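Please keep the sequence and the structure in view while reading.

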Amino acid sequence: MLPQLLIVAAAWLGQVPSGDPAAAQLPPWNERTVRHLFDRAGFGATEAEIAEALQAGPRATVAGLMLPRRPWTEVEPVLVRWEEFNLGPDQVPLKTSKYATPEEAAASMQHWRAVDRTQFSQYCDRWFSSMIAHDDPLRDHVTLFWHGLFTTSFRVVKRKYEIIQQHQWLRRDSLSSFRQLLHGLVEDPAMLQFLDNNTNVSEHPNENLGRELMELYSLGEGNYTEDDVREAARALTGSTGDPEGRFAFRPEIHDAGPKTILGRTGNFGRKELVDILLEQPACANFIARRLLAYFEGSAPDAARVDEYARCLRENDYQLQPWFEKLFLDPRFYREELIGARVQGPIEFLVGFARKTGIEPPPNFLFQASALLGQTFYAPPTVRGWDEGLGWITNDSLLQRGNAAGVLLGVLFPEERAMSESDPSAAVEPAMGSASDPLDPGMMPEQAPAAQLGATVRQMLFRAGLTNWGPTVDLIGDFERRGALSDEQIVDDACKRWLVVPVDQETRRVLIDFLARERALAAKNSDPAGAWEIALRRFTRLLFSLPEAQLN
Amino acid sequence: MGTQRDLDRRQALAGGLSLLGAAALSGCRSAKPTPPAASEATLAAGSVPAARSNGTRLVLVELFGGNDGLTTVVPFKDDAFYRARPTTAIAEAECLKLDVARGIDRGFHPALLNFRERFNQGQLAIVEGVGYPNPVYSHFKSFEIWHTARPEGLSSGDGWIGRLRAGPWRADPRPELVVHVGGNLPYSLSSATQPILAFDTPENFVWVGSNREIEAYDDAGKVPAGGTGKSKADLVKQLRATLRAAQTQSPRILEATGNYQPRAEYPEHEFGRSLRSIAALMNSGFESRVYSVALGNFDTHASEQNTLHAELLGKLDSGLGAFLKDLEGTPHAENTLVLCFSEFGRRVEENFSRGTDHGSAGPMFLLGPMVRGGMHGESPSVDKLDAGGNLIHTVDFRRVYASVLESWFGVKPDLILPSGFQPMDLLRA
């Protein structure tokens, strides 16, 4: 109890105003606050990271977060040109070309779609792996934040070339400056296509980008007028993405005349427009509020927004000083914030993999996060995802438990359960057998495969998981940590995997579950195999609970 | 170990789960759904007595993205419309004219065949020119206004259905009272204190596991929130309530949808499947008062206007067509009212991308046997626009809400809405 009280006391002391960062007090530094930092700045700390951070202290740890731990090489995506593969040798669309039957035309389309899908899937795997490995945790987490803010969807932007390039740009610039990002946004081919700016021409401006640029990406609703939207749209005319997937300014469709935007008049183009937006007091406040809400996990009060908006203004929107300030701010570590944030699906899955040491199979995290409500590069609306409690529905809460079950190898397609060579088949009775003689319950035990939800099943097949199983040794893992009895295992798991502890009653349910599984495993022909399965089921149960969704 | 009741529920869990197995249907251990916890008497508490205040259901259909009202209900006699829409207008010859004999110079988009049929049967009401003062052109802010029925939007508190839930219906705490089928929850349903039930694909609305795991999961889910720090207690409590509702409702929903034999053929798209799920729940003893479903994205800024809009309206039409046909001849038909709305219409003049930008007023649709079919409200003028080139609304959407509250749910509109919104005569007595 005592350390907890100390944290609370330290956090309370930290609430003394700290306008000058140099004079500010350092945050309390202990296992709990280090975990908190790595949960929010990255995707959860490993035991080694915690030890290292405790040794290094807050300043060095936060400075380390600004640097990559492993180099990342950007990829050169393939430009899949729909117009090319759709033409026969006679330069007539394949559908009508005499050189192709309708089947051949469809096959060609299918082929190129597959090429594009494959390169996107490989890119996703690479990025998910980087997050799991904590190669550059802060950069990756902030990139995820920018993707949620500067939304673009592959449902609209069909070529993956522009999508991959946008993500690489966001990742490259994620810790640069908001000024640079906002300038980049109005020249990003994926964004220009997503919000119809390729057809925003002087004669009849298309307002889509102009409006969202102000409402969602820089100022927030209420800080501009409808006239400003129209004028901004005019300033954006002619900014397009070309067939090569590059930015192209086309003066012939640009409206070069004078515009009045937010009180300023001139022959503005995209660059001037962005500078005008950045000049608005509302802009720094808007972005500071969004960043605080995301990384603190709680709506900031006005004073906090002002303080952090000032930090952006004073540093010309530089982001590194901003994050340094936040992560060295004792108030970032106040007890009411720790564990009071609902993890998003990608974070939950990446964090789960890090915590358990399971290396997810390719394509799984993309499929699973989609099932949990966060399809990477397909946010539900232009505003992105509803974060916080918005992530949790009755359905998505169940799916988080299912995804954990798949990753732990306790849920798998029935085809695999049929295989006798499968180690888990040793503890599960064969499909369709009357009952589990070891099960004291009334119900015959069925292989979980037979009960897989339709979408879970689909996800497994899409990810090619029919023969996949995790490499994990939970028996050895708990033993090494000295957690041997059922109580010790439950307490150890809760301590290292949960930020918000479960209550006594739930703890008792978990202990009872383990006790029963232990007794059954002992009677199994392969006791160790059965006990490993039991520990995996327990782990999956724990990650299905509400407390495990918080960090 | 649990009680007999718990065991029954576990059997229900297992029964529901087994429906998923390909060969598991024979000899499945199905169980009776949990009996409703509250009677109709408690349901009506706090509401004004009305003939149909019991058992009536509302199906909210949200057309997100801003549906182009002018090509949904086409003013085919209006030259100003055709001048403003050289490439995106629906030609007079193409549209499904409503009732020319009665002087209605409107036609449905050609994709709305079922809509026209219902209109001709007097089962579809069109309320034209619906909007609100000082229109907002942000999707999100405008939806906030539609969802809360208040100009302040989210900052004003619960959604309008959420207020109904937490006010006149508060005596019934069952999550099933308000059901959303799909991914994102519309804010109209939100209540800070009352649960809602939301699922996407019923076959997947399940936590998969062996019986012993399900038992432990269930036991853990039954534990009420507590024992955490003060500031997090509410969050954990809310998550626990969500988990508990999922655990108790998932087997019921699986059973209801898995066994359902519709009387109509539903189209093979998500919207159609969601409506099929709603019909399945209605037919399996779910006592929900509000069902919600969404269709989109109607944000047709560019050349997709013509093709995408037609496709979306086709889904709306085929989905609702099947749904109404499915309910026909059952007691649910007369108890079901469908209400379609969108956050705004689109700019009258099209843009160069052969699309349309965000606009203001648009039509709302009410469907069902108890609807007073026909045209309601007043058509907005296509040539007398506001300074921004947008339609000027003629009917406030809260008058439509007021009609639903008063005539359908028997609830005084003033309990839910800002005062002063006169109900319209949209429903038959």
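The term pLDDT denotes the predictor's confidence in each residue, from 0 to 100. The present structure is a predicted model, in which local features need pLDDT of at least 70 and side-chain atom pairs count only at pLDDT 80 or more, whereas totals for chains, interfaces and linings use all residues. Residues are numbered from 1 along each chain as its sequence is written, while chains are lettered from A and ligands numbered from 1 in the order in which they are written.

The model scores ipTM 0.85 and pTM 0.84. Chain B has an average pLDDT of 85, and 86% of its residues score at least 70. For chain A the average pLDDT is 87, with 85% of the residues scoring at least 70. In chain A, pLDDT stays under 50 over residues 1-19, which have 23 contacts beyond four places in sequence. Residues 417-450 of chain A also stay under 50, and for them the model has 60 such contacts.

How many residues does each chain bring to the contact between the chains? Chain A gives 63 residues and chain B gives 62. On the side of chain B that touches chain A, the elements giving two or more residues are α1 (4-18), α5 (139-148), β7 (197-199), α7 (211-222) and α8 (230-258) of chain B. Helices here are DSSP runs of H or I with at least four residues, and strands are runs of E with at least two, numbered from the N terminus. The largest share of that side, 13 residues, comes from α8(B). By class, the side of chain B comprises 27 nonpolar, 25 polar and 10 charged residues; Ala, Val, Leu, Ile, Met, Phe, Trp, Tyr, Cys and Pro count as nonpolar, Asp, Glu, Lys and Arg as charged, and the others, Gly among them, as polar.

Chain A also has a contact between domains. Its domain assignment, automatic or from a database, gives domain 1 (2-66 + 282-333) and domain 2 (345-549). Six residues of domain 1 of chain A are in contact with seven residues of domain 2 of chain A.

Helix packing can be followed in chain A. The axes of α2 (residues 31-41) and α3 (residues 47-65) of chain A come within 10 Å and cross at roughly 55°; axes are lines fitted to C-alpha atoms, for helices over the stretch in contact, and angles run from 0 to 180 degrees between N-to-C directions.

Two backbone features remain. Most residues other than glycine have a negative phi, and most peptide bonds are trans. A:L262 has a positive phi of about 50° although it is not a glycine, and this residue lies in the loop between β3 (259-261) and β4 (264-266) of chain A. The peptide bond from B:G296 to B:N297 is cis, with omega near 10°. B:N297 is placed in the loop between β8 (290-295) and α10 (304-327) of chain B.

Note on methods. Two residues are in contact if their C-beta atoms, placed from the backbone, lie within 7 Å.
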